[in-house]
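This report describes a single protein chain, from its overall dimensions down to individual residues. The sequence and the structure are shown below.

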Amino acid sequence: MSQGPLSADQIESHSRMQRALLEDEYDALRRTLARRGVQIDEIKERVASFSVALPTWGSGRGGTRFAKFAIPGEPTNIHEKLEDCAVVQQLCRVTPRVSPHFPWDKVDDYAGLREEAAALGLSFDAVNSNTFQDQPGQAQTYATGSLSSTVAAARRQAVEHNIECIEIGRKLGSRDITVWVGDGTNFPGQQDLGRSLDRYLEATAEVYAALPDDWRMLLEHKLYEPAFYSTVISDWGTSILAAQELGPKAQCLVDLGHHAPTVNIEQIVARLHRFGKLGGFHFNDSKYGDDDLDSGSINPHQLFLVFNELVEAQRSSKGEFRPAYMIDQSHNVTDPIESMLASAEAITGAFAKALIVDRDALHEAQEANDAMMAFQALRRAYNVDVGPILAMARFEDGGAVDVLQAYRDSGWRTRKAQERKPVGLGAGIV
Ligand SMILES: [Mn+2]
């Protein structure tokens, strides 16, 4: 195992104190689940092999467009972000990959960065391009859009940036590029709704043509923000049509928060899978129209229902089933490491609950049109406290039984506050 940033001895001694209680709870749950014909060790093994990527930008404090409140010791560059992601991985054991964002995470030596990550126990997941903001010295502005801009030179620049991200990703060992554009309009009539999509498709096809054979392009849709009247890739319908037109290496990425309120997102997962276009999922939560709150903090039941569809999708998968899972949220008021730890726990917990669902009972009730018993098959699994399964899987892999307490006791942030330079005042989204 690679050396994590925290003391392994300290984590182990921390977990040792809780071991007796954990074993007692795990055995009690073993008996409960066995009565339902569920073998707890099988669930634990599936949980142990589950993983979700961390976004490099998630390790820093985010903000709204009004303000960002930095905390002492937060990371200031990709090297420090990797360190913090490694702390999360060392404690929770389900986040072994990081998803970088360019140009935010640009360095001169990507082979070196890959080695640096490996030494911390991390590898790289999907690369993310950024054509939703201008960078210092950039020739063209994205004020009129990027891949769909009416300005040919801006489209060209956006295409070249995406191709550069693919090249960087190859050096980092990535196999996916996630493309989200902020393109859209704020006024009816501002742009032609048909022609803007044409321009997007034409430009994106050039990026698609640059994909290596074993790569995927993940199209991420978003209903609104930063554009407030229309966005070019607004919903899963537009996304799947674009992915179908681009080709088999283009798939759709569903961000939990990128839909109109009350949209049935688990159904979107099922639909995309049906047509072989489910490429990935970004986890977060929302209360109103945002996509920034911590996973499972507002609607854990929805998270469970999403995983119920993902488990169904995996069971009915015809080929390789490897959706790119990533946490994508903005940590505005917490220590980002704590939010990522708690979110990883919530996401893995929803997955574990979905695994506990009695699929035979569910499918039988569905076939018999027994609505109540079908619902109860889900409800019975949702009501299980899977905490001991997650903790046992972590513990057996050298992680912490109580991730938040172990993190706080490590004094990591206090130490980093003395070592790292202050981030300073700032504004803006993550
Ligand atoms: Mn996202």
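What percentage of the 430 residues in the chain is buried? In this predicted model, buried residues account for 47% of the 430.

## Overall architecture

The chain contains 15 helices and 12 strands. Its radius of gyration is 22 Å, close to the 22 Å that the globule rule gives for 430 residues, so the chain is as compact as a globular protein of that length. Taken along the principal axes, the box filled by the C-alpha atoms is roughly 65 × 60 × 40 Å.

Contacts between residues at least 6 apart in sequence were also examined for their separation along the chain. Of these contacts, 78% join residues at least 24 apart.

## Packing of H3 against H10

Helix H3 spans residues 78–92, and helix H10 spans residues 336–356. Their axes come within 10 Å and cross at roughly 40°. An angle under 35 degrees would count as roughly parallel, and one of 65 to 115 as roughly perpendicular; H3 and H10 are therefore oblique to each other. The crossing of H3 over H10 is right-handed.

On the H3 side, the contact involves Asp 84, Val 87, Val 88, Leu 91 and Cys 92. These residues meet Ile 337, Met 340, Leu 341, Ala 344 and Glu 345 in H10. By class, the residues of this contact comprise eight nonpolar, no polar and two charged.

## Packing of H2 against H13

Helix H2 (residues 40–48) and helix H13 (residues 387–396) have axes that come within 9 Å and cross at roughly 60°. That angle makes H2 oblique to H13. H2 passes H13 in a right-handed crossing.

The H2 residues in the contact are Ile 40, Ile 43, Lys 44, Val 47 and Ala 48, while H13 provides Ile 389, Leu 390, Met 392 and Ala 393. The residues of the contact of H2 with H13 divide into eight nonpolar, no polar and one charged.

## Backbone geometry in the loops

Most residues other than glycine have a negative phi, and most peptide bonds are trans. Several positions in this chain are described here against that background.

Arg 93 has 25 other C-beta atoms within 10 Å; the threshold for a buried residue is 20 or more, so Arg 93 is buried.

Glu 225 also has a positive phi, near 80°, and is a residue other than glycine. Glu 225 is placed in the loop between E8 and E9. With 16 other C-beta atoms within 10 Å, Glu 225 is partly exposed. A cis peptide bond, with omega of about 10°, joins Glu 225 to Pro 226. Pro 226 is likewise found in the loop between strand E8 (216–220) and strand E9 (230–231).

Phe 102 and Pro 103 are also joined by a cis peptide bond, for which omega is about 15°. Pro 103 is situated in the loop between strand E3 (101–102) and helix H4 (110–119).

Is Phe 69 buried or exposed? Phe 69 has 12 other C-beta atoms within 10 Å. A residue with 12 or fewer counts as exposed, so Phe 69 is exposed. Phe 69 is found in the loop between strand E1 (54–55) and H3. Leaving aside residues up to four places away in sequence, Phe 69 touches Arg 61 and Gly 63. Phe 69 and Ser 316 are 247 residues apart along the chain, and their C-alpha atoms are separated by 45 Å.

Gly 237 belongs to helix H7 (residues 236–246). Gly 237 counts as exposed, with 12 C-beta neighbours inside 10 Å. Along the sequence, Gly 237 and Leu 272 are 35 residues apart, and the distance between their C-alpha atoms is 9.4 Å.

Definitions and conventions
Residues are numbered from 1 along each chain as its sequence is written. This is a predicted model: local features need pLDDT of at least 70, side-chain atom pairs count only at pLDDT 80 or more; totals for chains, interfaces and linings use all residues. Axes are lines fitted to C-alpha atoms, for helices over the stretch in contact, and angles run from 0 to 180 degrees between N-to-C directions. Helices (H or I, at least four residues) and strands (E, at least two) are DSSP runs, numbered from the N terminus. Angles under 35 degrees count as roughly parallel, over 145 as roughly antiparallel, 65 to 115 as roughly perpendicular and the rest as oblique. A crossing is left-handed if the near helix is turned anticlockwise from the far one by less than a right angle, and right-handed if clockwise. Two residues are in contact if their C-beta atoms, placed from the backbone, lie within 7 Å. Ala, Val, Leu, Ile, Met, Phe, Trp, Tyr, Cys and Pro count as nonpolar, Asp, Glu, Lys and Arg as charged, and the others, Gly among them, as polar. The radius of gyration is taken over C-alpha atoms; the globule rule is 2.2 Å times the number of residues to the power 0.38.
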